[in-house]
Amino acid sequence: MLERFFGLAENGTDLRRELLAGLTTFLTMAYIVVVNPSILSDTGMDWGAVFVATCLAAALGSLIMGLYANYPFGLAPGMGLNAYFTYGVVLGMGIAWQTALGAVFLSGILFLIISLLPIREWIINAIPMSLKMAISAGIGFFLAIIALKNAGIVVDSEATLVTLGDLTATPTLLAMLGFGIMVALSYHKIPGAVLLGILAISIIGVPLGVAEFDGVVSMPPDPSPTFLQMDIAGAFEMGLISVVLVFLFVDLFDSSGTLVGLSHRAGFLDKDGKLGRLRSALMADSGATIGGAVLGTSTTTTYIESAAGVNAGGRTGLTAVVIAVLFLLSLFFLPVVSAIPGYATAPALLFVACMMARGLADLDWDDITDTAPAVVTAIAMPLTYSIADGMGLGFITYVLGKALAGRVREIHIAVWLIAALFAVRFALL
């Protein structure tokens, strides 16, 4: 039944590989069930209710992605968007969190409408192949800086923005060891190298006192404090229209960039760089955002950490279904899920980043009008800490470079439109 529904053999995979890929991706995403409630609770939202909403939204989105779009990508409330929700909208603008949830809900509705129409698919498929490869590599670099930060290898600095951290700290040393384990296991083609590395480093950290397990099973918290609490009417106020558009705009390009980058890494793009079943994937993303707002969490989006599962061999929606099931189980295993330390998942993200960087090797390095925008895209994502901002700078550079070089005819009308929208966003938002 699974073979017929997901087309395992057709996609060059099997049940064992899909299960392993789903577990691998879940472990790299599991931090969100703790981090998201911690961020949103600063608005006054109930931590336990947001924990439940996070798990359910991630399960819902991943399930739709797996069963409807048949892609191995996991979804969960997005990092960055949850920070904007809390510190930009609620605390920064003094908006009630219920009204902010209403804005998220409306952005999801708009997202769904755009996904149902050919507009967004037309835009994504019009992205030049050079930028698609750069997006893939840029997401890898973005993963890398997140990994290095989580491992304590890179820390912030007032003088130089970033600098070297304390390499003698136990968590940092364990993260470096974990990365070495993953590289070695992968070199010897040991299945599940990333997963084995995560588990090994987590276990090693217990006797060293940097990781601990405080039980196994617990009942889920009460979800009612955030369930169906969004204030949609309040979100229709004129002053919040810009908030709705920001949620929509950022999610639009973050998820688009993530889908393109992950699909390039998985080999899902055709010879023209287009992604089949793209509309289904977009609808899964938008549907998850709507469901997440109803449950009580900020925008839900496709996760770049899905690259870990892709690297482990995940090629069908069965991987995403496994991710969904594990998020549901997380409701009852909060002590175990929260025990996977950040220093154990950090080397997994860095390992995947190394794999994704290969996209730049496929560029036509003899054409500077292609390579320059691609490089700008790739390096801007980690340096701005935003997939959307990196894409924006890349598109603007692409249009300027091609136009000033006298190659205007090579610029697709959709690329002109995207560059213009990004320029407006950078100027006004």
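1. Helix 4 and helix 15 touch through Phe 51, Cys 55, Leu 56, Ala 58, Ala 59, Ser 62, Leu 63, Met 65, Gly 66 and Leu 67 on the helix 4 side and Gly 317, Ala 320, Val 321, Ile 323, Ala 324, Phe 327, Leu 328 and Ser 330 on the helix 15 side (contact means heavy atoms within 4.5 Å). By class, this contact has 14 nonpolar, four polar and no charged residues; Ala, Val, Leu, Ile, Met, Phe, Trp, Tyr, Cys and Pro count as nonpolar, Asp, Glu, Lys and Arg as charged, and the others, Gly among them, as polar.

2. The model is predicted: local features need pLDDT of at least 70, side-chain atom pairs count only at pLDDT 80 or more, and totals for chains, interfaces and linings use all residues. Residues are numbered from 1 along each chain as its sequence is written, and side-chain values use heavy atoms, with hydrogens and water left out.

3. The axes of helix 4 (residues 47–69) and helix 15 (residues 317–330) come within 7 Å and cross at roughly 165 degrees. Helices here are DSSP runs (H or I, at least four residues), numbered from the N terminus. Axes are lines fitted to C-alpha atoms over the stretch in contact, and angles run from 0 to 180 degrees between N-to-C directions. Helix 4 and helix 15 are therefore roughly antiparallel (over 145 degrees; under 35 counts as roughly parallel).

4. Helix 8 (residues 129–151) packs on helix 18 (residues 368–384) at about 25 degrees, with the axes 7 Å apart, so the two are roughly parallel. Residues of helix 8 in this contact include Phe 141, Phe 142 and Ile 145, and those of helix 18 include Asp 370, Met 381 and Pro 382. The contact residues of helix 8 with helix 18 divide into twelve nonpolar, three polar and one charged.

5. Helix 9 and helix 10 (residues 193–205) pack at about 150 degrees with their axes 9 Å apart, and are therefore roughly antiparallel. Leu 174, Leu 177 and Gly 178 of helix 9 are among the residues in contact, as are Ile 198, Ile 201 and Ile 204 of helix 10. By class, the contact has eleven nonpolar, four polar and no charged residues.

6. The second largest cavity is lined by Ala 147, Leu 148, Ala 151, Ile 153, Ala 175, Phe 179, Ala 346, Pro 347 and Leu 350 (a cavity is a set of points on a 1 Å grid over the protein atoms alone where a 1.4 Å probe fits but cannot get out; lining residues have an atom within 4 Å of a point). Helix 8, helix 9 (170–187) and helix 17 (342–356) are the elements giving two or more residues to this lining. The lining has nine nonpolar, no polar and no charged residues.

Note on methods
Parallel < 35°, antiparallel > 145°, perpendicular 65-115°, else oblique. 1 Å grid on protein atoms, 1.4 Å probe; cavity = no way out; pocket = protein on both sides within 12 Å on 5 of 7 lines; lining within 4 Å.
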